[in-house]
Amino acid sequence: MNAAPPARRYTARAAVIGEDTRITRALPHRERRTVGAWCFLDHLGPVQFAAGKGMHVGAHPHIGLQTFTWMIEGEVVHRDSLGNEQIIRPGQVNLMTAGRGIAHSEDSMQDGTRIHAAQLWIALPATECHRPPGFQNYAELPVVDAGGLRATILAGSAFGRTAPTTVYTPLVGIDFAATGPAHTQVPLRADFEYCAVVLRGAATVADETLAPGEWLYFAPGRDMLELRAATETQLLLLGGVPFDERLIIWWNLVARTQGEIETALTDWKAGRFAPVRPGSPAEKLEAPSLGEVQLCAG
Ligand code: MN
């Protein structure tokens, strides 16, 4: 513990997905693009949509990654180009493995509703990045009481429990929720790097106070992390073996080369992705031109 370098503090930035749904984006950050293979961390809400409004992200493609949706409040329907239609409810994970290519849409079930979710991406390693696409809803995840914090194991193993979610590099994801004052020590893997993100309330993580909109990075070399909640609080702890493969993250695409990105964009524009199962009221998303280097996704 003593030898571990101090935590680094970062600020998440505001972004917009779909039809004007505002989110906070922690990853990628210009100084730190990945934590383990976690390469994207969007925090949506908690937001109360006005009457007639909701989250509507029209059909868009993904390659080279897994999208990992953790639903905290509200219900969202996912439709994809494999023909899946799946409602995700609070306490559940939707895990879509894009591999060589998939397209999907995401819509809140009711307009005028409250939504709170985290959408994470996991970069696939080179050996898996062209695998066939797949999709799975995980309705049940292991839950452990950790010093009064309710720990849900989203990915990997923690507190002697292993999540059922299929991932392709060593990583972990844990959601901690407290309804009042609570304190725990989380065993860490010394070969993992970690980040902590508060979703609501405020926490103290390794003696650093943390509120929504900020996040902390911990380099490898720690074997334990202290978590304290003074009030109703929820936070995510994500970690993994540092991902040292070169990645290009552009729009909704993760690849090794510019050529791969260009091929996927051309295929999307030419309608060569299989059609997404119909039902979303949102328009198909148009890819930005390659000249506009911006990150934009949902
Ligand atoms: Mn998506």
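Two strands count as paired if DSSP finds at least two bridges between them. Keep that in mind as you open this predicted model, and let's walk through it.

**Stop 1: a strand pair**

Select residues 171-178, which are strand 17, together with residues 233-240, which are strand 24. These two pair in the antiparallel sense, over eight bridges. Now pick out Ala178 and look across: opposite it stands Thr233, in strand 24.

**Stop 2: Thr233**

**Stop 3**

Seven strands make up an open sheet, and you can trace them in the order 1-22-19-24-17-14-13, with antiparallel pairing. Color strand 1 (8-11) and strand 13 (143-146) to find the edges. Each of these has a single partner strand, so one side of each is left without a neighbour in the sheet. Turn the view to follow the twist, which averages 25 degrees from one strand to the next.

**Stop 3: the largest cavity**

Time to look inside. The structure holds four cavities of 30 Å³ or more, and the largest has a volume of about 140 Å³. To find it, select Ile17, Leu44, Met55, Glu106 and Gln119, which are the closest to its centre of the 15 residues that line it. Then show strand 4 (38-48), strand 6 (65-73) and strand 11 (114-123), the elements that give two or more residues to this lining. Which of the elements gives the most? That is strand 11, with four residues. If you color the lining of the largest cavity by residue class, you will get 10 nonpolar, three polar and two charged residues.

**Stop 4: the second largest cavity**

Last stop: the second largest cavity, with about 60 Å³ of space. Select its lining: Thr67, Thr69, Val76, His78, Ile88, Asn94, Met96, His104, Glu106, Gln119 and Phe135. Strand 6, strand 7 (76-80), strand 9 (93-97) and strand 10 (102-108) each supply at least two residues here. Color this lining by class too, and you will find four nonpolar residues, six polar ones and one charged.

Key. Residues numbered from 1 in each chain as written. Predicted model: local features only at pLDDT ≥ 70, side-chain atom pairs only at ≥ 80, totals over all residues. Heavy atoms only, no water. 1 Å grid on protein atoms, 1.4 Å probe; cavity = no way out; pocket = protein on both sides within 12 Å on 5 of 7 lines; lining within 4 Å. Points joined across faces, edges and corners; volume = space filled by probe spheres on them. Nonpolar A, V, L, I, M, F, W, Y, C, P; charged D, E, K, R; others polar. Axes fitted to C-alpha atoms, helices over the stretch in contact; angles between N-to-C directions.
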